[in-house]
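Have the structure open while you read.

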Amino acid sequence: MGIIKLPASQPPEQLPTRPGNQSEMEQKPIVDNPDHRGSDKLKGKVAIITGGDSGIGQAVAIAFAKEGANVVISYLDEHEDAKNAQKQVESHGVRCLVIAGDVGSEAHCTSLIGHTIEEFGRLDIVVNNAAEQHPRKNLEDLPAEQLERTFRTNVYGMFFLSKAAIPHVKEGGSVLNTASVVAYRCHPELIDYASTKGAIVAFSRSLAISLASKGIRVNTVAPGPIWTPLIPSTFSEEHVKRFGKDTPMGRAGQPFEVAMAFLFLASKDASYITGQTIHVNGGGLVTS
């Protein structure tokens, strides 16, 4: 069994571009849990994960691979991160396809599903995880272009990919969406981002009802402060340094700590769970 030393804090680092390249981070997120030993929970299944090149998406891809799933990773343009994620996934004896593109484009999402079916002949699990955020001090400072961009990536992408994927997902399959604690606790400088995450919760609950008769489950994971490239590419050095300190556990979470919630919801262990949200936030109390 492995021993993971979880960092109590992060260095005050910043990344020059968003959503950020994990390969450039001083303190890399922990995406693999050495204590996780697979037991074929997803053997033979195919999962597509947007934003699977780094952070939470990469951790989910690795966890799924350990359980026997072939994985398709969708990413924007972080080619080095995608190549590293592919290598880690394939080290567990499964296949991994990496495809670059913008999930905010319906044409790209349709093409993504087409490549998946062509390559694997099936699709069982859809993980809508890709997202972006851009802090603004005041609502008056929020340009229309940013509002459109944030919703296009975070919300439109889920609609586009799910719409293209669902005709191929059979009974027993699942759709998993990444929301956020800010959908429930909100954030004064992330008004547009928080709004997208609230929309994702409503989207997930509505889609769950819509697909229940087809035997396809839809659930949501709402992470709290998790150490991913999005954080140092978004916030100031001072904010990054204290990131996660205000949780009851006193630290930011690591991507592998979120991944197991996705794995549970994707597996038969969660066969009677749909339309629900799992909160992985270090003990923060939320109401839904």
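Let's start inside helix H6, where the buried residues (under 20% relative accessible area, 1.4 Å probe, protein chains only) are Asp 192, Tyr 193, Ala 194, Thr 196, Lys 197, Ile 200, Val 201, Phe 203, Ser 204, Leu 207, Ala 208 and Leu 211. As background, an α-helix has 3.6 residues a turn, so residues three or four places apart point the same way. The cover over the buried part of H6 includes H4, strand S5 (169–178), helix H5 (182–185) and strand S6 (217–223). H6 runs for 21 residues and spans 30 Å between its first and last C-alpha, close to the 30 Å expected at 1.5 Å a residue; that expected span is 1.5 Å times one less than the number of residues. Helices (H or I, at least four residues) and strands (E, at least two) are DSSP runs, numbered from the N terminus.

Before going on, some ground rules: this is a predicted model, where local features need pLDDT of at least 70, side-chain atom pairs count only at pLDDT 80 or more, and totals for chains, interfaces and linings use all residues. Residues are numbered from 1 along each chain as its sequence is written, and side-chain values use heavy atoms, with hydrogens and water left out.

**Helix packing**

Axes here are lines fitted to C-alpha atoms, for helices over the stretch in contact, with angles from 0 to 180 degrees between N-to-C directions.

| Pair | Axis separation | Angle |
|---|---|---|
| H4 (residues 144–165) and H6 (residues 191–211) | within 9 Å | roughly 15° |
| H3 (residues 106–120) and H4 | 9 Å | about 35° |

With that crossing of roughly 15°, H4 is roughly parallel to H6 (angles under 35 degrees). The H4 and H6 crossing is right-handed, meaning the near helix is turned clockwise from the far one by less than a right angle. In contact terms (heavy atoms within 4.5 Å), the H4 side brings in residues including Leu 147, Phe 151, Val 155, Met 158 and Phe 159, while the H6 side includes Tyr 193, Ala 199, Ile 200, Phe 203 and Leu 207. By class, this contact has ten nonpolar, six polar and one charged residues. Ala, Val, Leu, Ile, Met, Phe, Trp, Tyr, Cys and Pro count as nonpolar, Asp, Glu, Lys and Arg as charged, and the others, Gly among them, as polar.

H3 also passes H4 in a right-handed crossing. There, Glu 106, Cys 109, Thr 110, Leu 112 and Ile 113 of H3 meet Gly 157, Phe 160, Leu 161, Lys 163, Ala 164 and Ala 165 of H4. The class count for H3 with H4 is seven nonpolar, two polar and two charged residues.

**Single residues**

Is Ser 74 buried or exposed? Ser 74 counts as buried, because its relative accessibility is 1%. Ser 74 sits in strand S2 (residues 70–75), and its contacts include Ile 49, Asp 53, Ile 99, His 108 and Leu 112, leaving aside residues up to four places away in sequence.

Ala 144, in helix H4, is at 56% relative accessibility and so counts as exposed (over 50%).

Most residues other than glycine have a negative phi. Asp 40 has a positive phi near 65°; this residue lies in the segment before strand S1 (46–50) and, at 47%, counts as partly exposed (in between the two cut-offs). Cys 186 also has a positive phi, near 65°. Cys 186 lies in the loop between H5 and H6 and counts as exposed at 51%.

Key:
Parallel < 35°, antiparallel > 145°, perpendicular 65-115°, else oblique.
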